[in-house]
Amino acid sequence: MKAFFINLTRILEENSKLYWSVIAGIAGCLALYFAEIIHIQSLLTHLNPTDMSIQRTILEPIAQRYQWARILVICLAVVWANWEYFKTKKSLNLK
């Protein structure tokens with residue numbers, strides 16, 4: 001376990017793209033979250049506020065698409081971080 005943390009520290013010192021992958025994932029999710037808020041608020045101004053069932057049927061698919069987009073952004077950030085981790089690990093000849 002001690003060797004793992006020492007190797008991880010060396011990898012993080014060597015390749016700063018690992019940090020950028022995490023930051024890009026978080027920033028992408030936040031941007032999608034704010035876009036969802038703005039999108040839904042703009043739609044709510046055009047809908048009848050008294051009929052909640054119509055609002056739910058209209059807004060549910062939109063919110064679900066944004067949720068899947070955020071999941072995709074997180075998955076891409078994890079894949080990018082793993083790619084950079086293993087690339088740096090290979091270049092440092094670590095086990």
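Of the 95 residues of the protein, what percentage count as buried? The share is 23%, where buried means under 20% relative accessible area, exposed over 50% and partly exposed in between, with a 1.4 Å probe and protein chains only. The model is a predicted one, in which local features need pLDDT of at least 70 and side-chain atom pairs count only at pLDDT 80 or more, while totals for chains, interfaces and linings use all residues. Residues are numbered from 1 along each chain as its sequence is written, and side-chain values use heavy atoms, with hydrogens and water left out.

The protein contains 3 helices and 0 strands, and along the sequence it reads α-α-α; helices (H or I, at least four residues) and strands (E, at least two) are DSSP runs, numbered from the N terminus. The radius of gyration is 20 Å, well over the 12 Å that the globule rule gives for 95 residues, so the protein is more spread out than a compact globule. Here the radius is taken over C-alpha atoms, and the rule is 2.2 Å times the number of residues to the power 0.38. Taken along the principal axes, the C-alpha atoms fill a box of roughly 65 × 20 × 20 Å.

Helix α2 (residues 17–44) and helix α3 (residues 52–91) have axes that come within 8 Å and cross at roughly 170 degrees, the axes being lines fitted to C-alpha atoms, for helices over the stretch in contact, with angles from 0 to 180 degrees between N-to-C directions. The two helices, α2 and α3, are therefore roughly antiparallel to each other, a term for angles over 145 degrees, whereas under 35 counts as roughly parallel, 65 to 115 as roughly perpendicular and the rest as oblique.

Within α2, the buried residues are L18, S21, G25, C29, L32, E36 and I40, and these pack against α1 (2–14) and α3. An α-helix has 3.6 residues a turn, so residues three or four places apart point the same way. Y33 also lies in helix α2, but Y33 is partly exposed, with a relative accessible area of 41%. Although Y33 and R70 are 37 residues apart in sequence, they are 8.0 Å apart in space, C-alpha to C-alpha.

The remaining pair to consider is α1 and α3, whose axes come within 10 Å and cross at roughly 100 degrees, which makes α1 roughly perpendicular to α3. Their contact (heavy atoms within 4.5 Å) is made by F4, L8, I11 and E14 of α1 and by Y85, T88 and K89 of α3.
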